[in-house]
Amino acid sequence: MRVALLLGVLLALVWAPAGSASSQIRYGLQDDAWITDGPGTLAQRLDRLDKIGVEIVRYNLRWDQIARKKSANPASPADPAYDWKASDAVLRGLRARGIAALLTIYGTPAWANGGRAPSYAPTRSSDIAAFARAAAKRYSWVQRWAIWNEPNQRRWLRPTSPAVYTVRLLNPAYAAIHGANRHALVAGGVTAPRGNAGGVSPVDWITGMKRAGARLDAYAHNPYPLSPHTETPWAGGCGGCRTLTMATLPKLLHDVQAAFGPKRIWLTEYGYQTNPPDRLIGVSPSLQAEYMGEAALRAYLAPRVDVLIHFLVRDEPDLGGWQSGLLTAAGVAKPSYRAFALPLAQEPGRGSVLWGQVRPGSGRRVYRLQKLVNGRWAWYGGTGRTSSRGFFQRRVVGRTGERFRLWAPSVSAFSPSLALSRAAAAR
């Protein structure tokens, strides 16, 4: 179906309807700290996400913070031991703007794991089941849920075992959420791209979950690059390693299908840090923007991928944290801020075929392209219209290195420019 679609695009500069791989995908962001405590009011921050076309927000439901005390009636969201104030404000605000939520349940209260840190699994699986049921009842409009974050790394889950994760966390939460909302989708895994010291590789984690009898509707994974200076969304990953990044996305799809069948795939955290400020592993702000478009295209083309979440909105002020934001720590927009709203990339293996999306808005959006000619931007071709989801594909004529950019009159903005690459034809 996709081949037929692309061939049709090449025949004329016209709107192309979305292919099967794109019909489900949603692009979004995660940054709990910025959403909760960023500049301005919560309403202003959520409005800003809406204006750049955020379709889904991943947000953590911290079990240990909502349920600091043991509840007398833990399956009831109305139990006074629960403090839903912070999550209520965020989730109701997202709902009012038509932005979907992907809720991640994480963090064991001390009363449920013998007084240990939130990364330790609960002693009884019934405790997380009761909380998951209460949360699903309270937020009945939320359809996407994920259980834990990067449990294959020791800092996030102890014991770091796929069997412990499956039996004590995933399966009880899965049953409880489905019991409260039969339309909900629950993702398991939520794995990091590698296990790190004391952890488990995502490849082995998937097989371990299978052996433990994991129940899930989707498999979630955080496909960060492991070598940002050499690894792009399409190339440079280690195909023979037991790691899973965006560059080796086909291996993730293969391993999940081999273990669980044709489950949906949610890419729940992804991003490149920038230099400045991260002079060690950061890429340039312009390259971050370029990779954002490439990753969006890769996820669009991949079968069964429904979600791609960028992390973060704003850089963390501590250089020991993350500097993968669309905004600097001072709140200045990087090129990736506009690239999120107006991603533009070159189709791999299709020569000079550009793919893009106008994310803000609804229905078929008007767009135009510009080409840099003798140092000046000139309109290229006529006005086009996107699909109802804002996607388009268009063949252009140009040599390697020539630059194009996308114009969206609905938001009076240009995308960052994109240089045609000979390498894209061979990827």
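Strand S1 (residues 26–30) and strand S2 (residues 56–62) pair in the parallel sense, with two bridges between them; pairing here requires that DSSP finds at least two bridges between two strands. Gly 28 has Ile 56 of S2 as its bridge partner. Strands, like helices, are DSSP runs numbered from the N terminus: at least two residues of E for a strand, at least four of H or I for a helix.

Please keep in mind that this is a predicted model, where local features need pLDDT of at least 70 and side-chain atom pairs count only at pLDDT 80 or more, while totals for chains, interfaces and linings use all residues. Residues are numbered from 1 along each chain as its sequence is written, and side-chain values use heavy atoms, leaving out hydrogens and water.

**The barrel and its helices**

Stepping back, a closed barrel of eight strands runs S1-S2-S3-S4-S5-S6-S7-S8 with parallel pairing. From one strand to the next, the twist averages 25°. Helix H5 (residues 85–96) packs on the sheet, touching S2 and strand S3 (100–106), and its direction makes about 165° with that of S2. Helix H7 lies across S3, strand S4 (144–147) and strand S5 (185–191), running at about 160° to S5. Such angles run from 0 to 180 degrees between N-to-C directions, with axes fitted to C-alpha atoms, for helices over the stretch in contact.

H7 (residues 162–180) also packs against helix H8 (residues 202–211), at an angle of about 55° and with their axes 8 Å apart.

What about strand S10 (residues 353–357)? Five of its five residues are buried, so S10 is largely enclosed by the rest of the structure; buried means under 20% relative accessible area, with a 1.4 Å probe and protein chains only. Val 353, Trp 355 and Gln 357 cover one side, and Leu 354 and Gly 356 the other. Its two pairings look like this:

| Pair | Sense | Bridges |
|---|---|---|
| S9 (residues 344–346) and S10 | antiparallel | three bridges |
| S10 and S13 (residues 391–395) | antiparallel | five bridges |

Ala 345 has Trp 355 of S10 as its bridge partner, and Gly 356 stands opposite Phe 392 in S13. S9 and S10 form a hairpin with six residues between them, and Gly 349 in the turn has a positive phi of about 75°.

Terms used:
Contact = heavy atoms within 4.5 Å. Buried < 20%, exposed > 50% of the residue type's maximum accessible area, 1.4 Å probe, protein only.
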